[in-house]
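Student: I'd like to learn how to read a structure like this one. Could you walk me through it?

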Amino acid sequence: MTDPNIPVTEDELHAYVDNELPAERRGDVETWLASHPDDAARVQSWRAMAEALHARYDSVIDEAVPKRLEIERLVRQPRKWVYGAIAATLAAFIVGGSVGWLARGATAAPSAFQTLTVHAIEAHRLYVVEVRHPVEVPGSERSHLQQWLTKRCGWVVRAPELAGAGLKLVGGRLLPGSAGPASFMMYESASGERFTIYTAKSEAEATQMRFAAEGNESTLFWADDGVVYAVVSTGADRGRLTQIAQAVYDQMEKKGG
């Protein structure tokens with residue numbers, strides 16, 4: 001027996017999406033979602049992201065482990081290589097949090113992603129607190145901003161439309177990255193909540209969306225066609241961050257960059 005008046009927790013919402021919720025509690029959760037549109041929107045965004053990731057990466061799940069990563073080969077290597085493999089694995093786990101492994105881009109060094117993530121979070125911290133000068137080019141000049149950043153960065157830079165998530169483009173700026181220029185865009189809600197999108201070159205062709213956090217800042221990031229995208233927030237819950245990152249991802253996919 002369960003009590004439908006007991007508030008539904010975030011863990012239960014995740015279990016509901018993953019089809020791991022006990023049958024006797026499922027009806028209560030569905031009743032809760034029917035009267036709590038914000039939670040229903042979060043559940044829908046999680047499902048959409050899961051479907052997008054499955055569609056894109058299920059084909060690699062059953063691929064054979066690369067020869068260079070087979071345990072027998074690692075054990076036969078000199079000890080310094082074993083230590084290096086362990087360190088790389090730990091770095092990948094820390095950066096990746098609880099989400100996925102690198103798909104198709106698994107040969108990229110985890111430290112490269114860690115560096116890019118740190119740069120994205122540092123840029124967010126530096127500019128998100130600015131009142132008068134958060135960006136170089138204002139959001140009212142969206143077309144110019146996209147053309148300028150595309151020309152300077154060397155790949156198609158787009159400022160996604162996030163009005164559906166309650167966000168307005170503040171503007172953007174050009175930043176130095178670890179492997180060349182990087183683009184930086186800032187969005188803001190009516191309540192002053194800010195999100196930033198950092199993009200930079202990467203050797204990885206494609207990766208699943210992954211989560212990382214440092215202090216109060218958290219980011220969801222992925223790579224596609226040699227470019228890393230990182231959506232960063234301060235204090236936003238993971239469901240809200242996921243909603244924004246999914247919207248950005250969908251628009252990059254549809255527009256081809």
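Student: Among contacts in the chain between residues at least 6 apart in sequence, what percentage join residues at least 24 apart?

Tutor: That comes to 59%. Keep in mind as we go that this is a predicted model.

Student: Okay, so how much of it should I trust?

Tutor: Here's the general idea: where pLDDT is low, the predicted coordinates should not be read in detail. In this chain the average pLDDT is 78, and 72% of the residues score at least 70. Residues 78-82 fall below 50, and beyond near neighbours in sequence that stretch has two contacts in the model. Residues 89-110 also stay under 50, though the model gives them 41 contacts beyond four places in sequence.

Student: How many helices and strands are there in the chain?

Tutor: You'll find eight helices and seven strands. As for burial, 43% of the chain's 257 residues are buried.

Student: Let's take helices. How do I describe two that pack together?

Tutor: In general, two packed helices are described by the angle between their axes and the distance between the axes.

Student: Which residues of α1 and α2 meet?

Tutor: From α1 you have Glu12, Leu13 and Tyr16, and they meet Arg25, Arg26, Val29, Glu30 and Leu33 of α2. Sorted by class, this contact holds four nonpolar and four charged residues, with no polar ones.

Student: Now the strands. What's the general idea there?

Tutor: Strands of a sheet pair through backbone hydrogen bonds, either parallel or antiparallel. Here, seven strands make an open sheet with antiparallel pairing, in the order β1-β2-β3-β4-β7-β6-β5. At the edges are β1 (137-138) and β5 (210-214), each of which pairs on one side only.

Student: What does β4 pair with?

Tutor: Strand β3 (residues 180-189) is one partner, antiparallel to β4 over seven bridges. Look for Met186, which stands opposite Thr196 in β4. These two strands form a hairpin with four residues between them, and Gly192 in the turn has a positive phi of about 95 degrees. Strand β7 (residues 227-234) is another partner of β4, again antiparallel over seven bridges. There, Ala200 has Val228 in β7 as its bridge partner.

Student: Is β4 largely enclosed or exposed?

Tutor: Largely enclosed by the rest of the structure, because seven of the eight residues of β4 (residues 194-201) are buried.

Student: And what joins β7 to strand β6?

Tutor: Eight bridges do, with β6 (residues 217-224) and β7 running antiparallel.

Student: Which strands does helix α7 lie across?

Tutor: Helix α7 (residues 142-153) lies across β1, β2 (167-177) and β3, and it runs at about 20 degrees to β2.

Student: Where is Thr242 found, and is Thr242 buried or exposed?

Tutor: Thr242 belongs to helix α8 (residues 238-255). With 5% relative accessibility, Thr242 counts as buried.

Note on methods:
Residues numbered from 1 in each chain as written. Predicted model: local features only at pLDDT ≥ 70, side-chain atom pairs only at ≥ 80, totals over all residues. Heavy atoms only, no water. pLDDT = per-residue confidence, 0-100. Contact = heavy atoms within 4.5 Å. Nonpolar A, V, L, I, M, F, W, Y, C, P; charged D, E, K, R; others polar. Buried < 20%, exposed > 50% of the residue type's maximum accessible area, 1.4 Å probe, protein only. Pairing = 2+ DSSP bridges. Axes fitted to C-alpha atoms, helices over the stretch in contact; angles between N-to-C directions.
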